[in-house]
Structure formats: structure tokens, C-alpha cells
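Subject: Handover of a structure and findings

Dear colleague,

Please find the structure below, with the sequence.

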Amino acid sequence: MNLSRIDLNLLVYLDVLLREKNVTRAAEQLGITQPALSNGLRRLRDLFNDPLLVRTSEGMTPTERALELQPQVRNILASVEQAVLPVSDFEVTESSRVFRIMASDYAESTLLTRLLFKLRDEAPNITLDILTPSDVTFQDLEQGKIDMAVNRFDRLPQSFHQATVWRDSFSCLMSSENKALENFDMDAFLAAPHIWVSKTGMGVGRGMSHRDSQRLGWVDEALAEVGHERQIRVFTRHYQVAALLARHPDLIATLPTQVAKLYVDDPRLAVRKPPFMIIPIELKLAWSPLLQHDPGHIWLRRRIVEMGQEMIAHG
């Protein structure tokens with residue numbers, strides 16, 4: 001292929017078209033006219049000898065070739081953007097940068113709370129803007145509108161970078177007056193009413209019911225493996241609410257151990273190991289390739305992973 005035929009703007013057009021799957025919205029985002037973008041799409045189709053986006057009843061649908069190109073184009077543009085960024089060191093003690101972090105309730109209450117105390121000494125002028133998973137989308141993260149996401153992910157787009165913060169087991173949190181404590185075995189666990197906490201993903205959540213067994217998550221999947229089902233009486237999306245509800249004399253909350261550890265000194269609550277095996281979960285850090293080489297971003301990513309390792313190492 002003659003490289004002189006390739007206009008870098010065409011790759012920018014393709015990147016936005018594949019995200020928006022709509023010529024009008026893509027043109028608005030690019031700040032060009034719809035005819036100009038339509039002309040760009042024709043040139044892209046000629047360049048790759050493929051229709052790339054095809055009109056269907058569901059709108060503009062990417063072809064298989066377009067889906068193959070999407071992560072490659074994203075990486076090319078990220079490399080170009082990085083190449084033209086001014087090179088500068090990151091002065092931790094002087095920086096007044098605002099980092100926007102999407103974090104689940106789990107990550108915010110355990111990891112980020114501890115991190116904030118550390119940063120007050122190390123980087124006193126830095127601000128953290130912590131958003132919930134329902135506040136943002138993968139597209140926000142991909143475009144660098146959000147610096148990073150800290151959560152448990154079932155899937156991540158291939159273009160994203162990621163690191164494991166920690167692997168966490170599960171613990172049962174209940175009132176110190178709960179009768180189940182007398183002999184906390186499987187029978188006692190199954191006889192008690194339970195609090196379910198969402199494995200929060202990106203985007204707006206949905207309501208739950210007992211019929212949604214495939215969406216109930218790690219604890220209930222582990223129970224199903226041994227042929228049991230628990231009695232869920234409360235569905236919540238917040239671990240802190242689950243911990244408050246666990247003070248009820250009958251309810252049990254089965255939570256990641258790092259959350260349960262926040263309450264080990266509360267005389268109203270007791271922490272116990274579940275009477276069955278639950279596969280540990282992974283808390284991950286994810287970020288856009290656009291920010292992969294940013295000095296400040298590199299510093300904060302390393303600090304978050306180091307903090308996670310310290311917390312696990314100290315039990």
C-alpha cells in the first residue's frame with residue numbers, strides 16, 4: 001500500500017465512527033459537517049476495500065474487518081498523541097492535578113480511603129474526583145475523560161491497559177447476637193436470611209429478583225456448585241449499607257474480606273469464614289492507552305497498586 005494515500009484524519013474519523021455507529025453523532029463530535037464525514041467514510045472504504053459500517057435495522061453495524069481494525073486504530077492514534085505531547089516531569093509535591101477515578105463502593109471504602117490518607121502527606125495539592133460506575137461508560141474511560149477505573153470487571157475492551165490490585169477472599173459479617181454464631185456451619189448459613197450486594201459494573205444497573213440466578217454472582221454461584229441456594233431478603237448496591245444491615249440479629253452479609261475487615265473492631269458485629277469455598281475475586285485497575293505514558297498517571301497507578309499490595313501483605 002502507498003502510505004502517501006493515508007490521511008491520519010481518516011483514522012480519527014474511523015475511530016469515532018466505530019464508537020458512535022452513527023454518522024451524524026460522529027460528525028458532531030468531530031466538529032465537521034455530515035457530508036464531510038460521509039466523504040471520509042467513502043475514502044476509508046476505498047482504503048480498506050471494505051464497507052466497514054453497514055446500515056441495518058439496528059443502525060450502522062461494523063463489519064468483521066472494522067472490528068478487527070478498531071483496537072489497532074485506537075493504538076495508532078494513542079501513539080501519535082503521545083508522540084506530540086510535551087515531555088515534562090511530574091512533581092508530586094507541587095502538582096495540583098485533579099485525577100478522576102471511577103471506583104466501585106468496594107474499592108472506594110477499602111483501597112481509596114487508605115490511599116487518600118497517604119496522599120495527604122505525599123501529594124498535598126492533588127485532588128481525587130471519585131465517580132461511581134453508573135456515572136461513566138467504557139467510552140469515557142477510553143477517551144481519557146476518566147483517568148482510571150478501579151473495580152471487578154467481567155470484561156474489558158482489548159485496547160485498555162490493566163493491572164491487578166489484589167485478589168480477595170470472602171467473609172461473613174453478622175450481628176454479634178446472631179444465633180448462627182453458636183455453630184456456624186452450612187445448615188446455619190442456609191437457615192439465615194441474607195443480604196446480597198451487587199458486583200457493580202459500568203453503566204446504569206438494573207433491578208434484581210430471585211429469578212436472576214445467573215446474575216447473582218460469586219457467592220451464589222459457589223453455593224449452586226454444592227447444590228444449595230440461600231434466602232436473600234435484601235438486595236443492595238452498597239457494601240456500607242450491607243454492613244449496617246448486618247447488625248440486625250438475623251441477617252448475614254457475605255462480603256469481600258477487605259470490606260469485612262473494616263468492622264473487626266465493632267463490638268456489634270462478628271466476622272466468620274464462610275462454611276463453603278468461594279473463588280477469590282480480583283480487584284483491577286484499568287486505564288486508556290491515551291494515558292499509558294503520562295508521568296502523573298504512571299505515578300498514581302504505581303501508588304494504587306503498591307497500596308493494594310501493602311494492604312494484602314498486612315492481612
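Lys179 counts as exposed because its relative accessibility is 68%; here exposed means over 50% relative accessible area, buried under 20%, and partly exposed in between, with a 1.4 Å probe and protein chains only. This residue lies in the loop between β7 (170-175) and α7 (186-191). From C-alpha to C-alpha, Lys179 is 72 Å from Arg43 in space, and the two are 136 residues apart in sequence.

Please note that this is a predicted model, in which local features need pLDDT of at least 70 and side-chain atom pairs count only at pLDDT 80 or more, while totals for chains, interfaces and linings use all residues. Residues are numbered from 1 along each chain as its sequence is written, and side-chain values use heavy atoms, with hydrogens and water left out. Helices (H or I, at least four residues) and strands (E, at least two) are DSSP runs, numbered from the N terminus.

The sheet

An open sheet of mixed pairing is formed by 5 strands in the order β9-β8-β10-β7-β11; two strands pair if DSSP finds at least two bridges between them. β9 (231-236) and β11 (269-272) are at the edges with a single partner strand each, so one side of each has no neighbour in the sheet.

Within this sheet, β7 is largely enclosed by the rest of the structure, because 6 of its 6 residues are buried. β7 pairs with β10 in the antiparallel sense over 4 bridges, and Cys172 has Thr254 in β10 as its bridge partner. β7 and β11 also run antiparallel, joined by 4 bridges, with Leu173 opposite Val271 in β11. By contrast, β8 (residues 193-197) and β10 (residues 252-256) pair in the parallel sense over 2 bridges; the bridge partner of Ile195 in β10 is Ala253.

Helix α3

Helix α3 comprises 15 residues (34-48) and spans 21 Å from its first C-alpha to its last, close to the expected 21 Å, which is 1.5 Å times one less than the number of residues. Its buried residues are Leu37, Gly40, Leu41, Leu44, Leu47 and Phe48. They lie on the same side of α3 because they cover an arc of only 120° around the axis, the arc being that of the directions from the helix axis to the C-beta atoms. Pro35, Arg42 and Asp46 are exposed on the other side of α3. Just after the helix, Asn49 takes a positive phi of about 55°.

Yours sincerely
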